[in-house]
Amino acid sequence: MRAATDDALHRLRKAALARRGPLWVGVVLLWSLLATYTGVAICMVWVLWDAWRLDARVRREWTRWLDGALPELEDSSALLEHASSPVARLQRQRLLQRVAGAVTDQQARRIVRERVRLPFFALVLSLICALGFYGWQQRAPVVAANAPAAKAAPAPAAKASEVVLRVAPPKYTGVAAFESAPRDLQVPVQSVLEWCLKQPRAAAVDIELSDGKSLKVGSACARWSAMESVFWRLRGERLKVIVTPDHAPVISVSAPRDMVQVLAADAKGANIALEVRDDYRVSKATMHLTLARGSGENIRFSDREMPLPAATDARLRRFAKQWTLAELGMEPGDELYFFVRASDNATPPHLAQSPTYTLRLPGPVEVETETSAMPMLVKPENLRSQRQIIIDTEQLLADINAKRGISAATVRARSESIASDQGQLRRRYGQFLGEESNLFGGDDHDHDHEEDKKPMDVVAEYGHAHDQADSATMFDEATKKVLRRALSAMWDAEKALRAITPRPALGPEYKALAAIKELQQADRIYLHKTAFTPPAIKEEIRMTGDVVGAKSYRREQGGADEVVAAEVRTLMAALATEAALPALWNRTAQDLIRARIGDDARRLDAQRAVQDVADGCIDCRQVLRAWLRGALADAPVLLQATPVTETSFTQAWRKGSKP
């Protein structure tokens, strides 16, 4: 039964402490807001003393509290603590049975509420003392400043919470200027940021930027134009300013799907659909169309420009139209080239241009009737150039990669068509060397059967021919070598295309194009070589022996370009030790990080390491060295043997014999 007594006492003590607890918390919290450790310590001592005094009172008077609140105890609660006589012990047993169910938590709170009062005078006294201390704290700097004999103390350094940040984005973005407390921000490029103190003071404070710059903030605000992402630091607190770049307009052409689209022979029109998007505003968007008509040397071009209509959304322009051939001005055999050019409202504006798309309308082909033995040529097809063959091959490869379900028959037909164009062009250039044979379609396959039937040409086999096919031209030997190189590349490309392997054909096609360009620019190269004009001789230093600034015509053999600057190598070596860093090391590290690290997040982390090393952190040197070494990972590796002097003694020593 002793447990029932202890339980009743425990409930009363807990209820008493819970009643006085909010008062204690209020007193301590009041002095905590004033940020004075002395006041908080005094309040804690008073709270502990008051709690001890209240607990002692509950232990001393709890039986009387039960007698006044519970009539069923018959004013005999004192027997719960001590009963000396047999009658008292009998009465105590009866009381314990009643107390076990009578003293609940709710009953204990009611008893404590009647017996324990809240000392509001302590809270009022604490509030008065706190207000007096706050007033004295605010008046102390004013009195010190007005005292004539006292020396003016330096103004306390500002905290990040005492700085306000003002952001003014560029006008063309349409984003309104705003003011913000110090925090991580994301602003458009070319925004103007201002750091200002809420309470301007005479002593200026420094704001350190991650790129090595420092801004002074005092009575006047500090201004900075946001061109790249940085973080700024004030009294150790770092906050980021992420700069959002303004991209050029994005042009998407949804129709036609292929770069080169061949229309059907009976096509009545063509569909063109496109879209232009920008971050803020599409200022201008136009579609340029070029129509090519004719063949051979008689090719005519006509250009026109059409503006794209504006939409309700200034950031987007869409255009989709089903053109008729009459509107495009196309006839059979014509080709239409078009591209889209767009610009935004930035200063200066960003320009974007789409790739050139081609719409090709096939021309008439050779028509052969039963009543005519000779075919009638209505209109010949144009001869494809080497560049057009390359474009067709690349488009075929792109369609194969993009369209996994393209049929093998389609790939074969297109590859053989390109091979046919390549063969025609090869034969056209082969005429300049006197070639008349054909790779496919000639009579070479019958030579094996007719070899025994034809008599052997002794003169051609063993004689000396004075008229060779490739020599019966007006070109010199150098030009013929270039022509042979072009024809050989065309042969390789044609064979790969006829084998339905268009990817290996690209290399020879580009080689053939390079050889053709070399032939076209041969005269220009020759004139450039013969038209060298030496610099004028300065008469004032002629024959004086002054060679300052003159470079020798001799070149150091085996010399290599400097892949890593000397100051960077010196800085890397110094970071590996605890020795003093070289002069201007901060600028060297910042320039290397800005030039080599493009990602904003990685660049800011590297610049953070630079600040830590500048603050004197020895362990941070290895971190900075790792960032710099990673930035130099793409530097070329110089593989060059170190010269070693070989003497007769070293040679004999290496061979193991005596010198």
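**Note on the predicted model**

1. Several residues of α15 are buried: W585, T588, A589, Q590, L592 and I593. What do the buried residues of α15 pack against? Their partners are the helices α14 (566-575), α16 (600-614) and α17 (620-631).

2. Four strands form an open sheet in the order β2-β1-β4-β7, and their pairing is antiparallel. The edges are taken by β2 (178-180) and β7 (222-226); each has a single partner strand, so one side of each lacks a neighbour in the sheet. On average, neighbouring strands here are turned by 25° against each other, with direction ignored.

3. Within that sheet order, β1 stands next to β4. Strand β1 (residues 163-168) pairs with β4 (residues 191-197) over six bridges, in the antiparallel sense. For R166, the bridge partner in β4 is E194.

4. The largest nonpolar core holds 27 residues, and L274, V276, M287 and L308 have the most contacts inside it. Elements giving two or more residues to this core include β10 (250-255), β12 (269-277), β16 (335-344) and α6 (325-328). Which element supplies the largest share of this core? That is β13, with five residues.

5. Leaving aside residues up to four places away in sequence, M287 touches I272, L274, R304, E305, M306, L308, F319, W323, F338, F339 and V340.

6. There is also a second, separate core of 26 residues; among them are L185, L209, V217 and V230.

Conventions:
Residues numbered from 1 in each chain as written. Predicted model: local features only at pLDDT ≥ 70, side-chain atom pairs only at ≥ 80, totals over all residues. Heavy atoms only, no water. Buried < 20%, exposed > 50% of the residue type's maximum accessible area, 1.4 Å probe, protein only. Contact = heavy atoms within 4.5 Å. Pairing = 2+ DSSP bridges. Axes fitted to C-alpha atoms, helices over the stretch in contact; angles between N-to-C directions. Core = buried A, V, L, I, M, F, W, Y, C linked by side-chain atoms within 4.5 Å.
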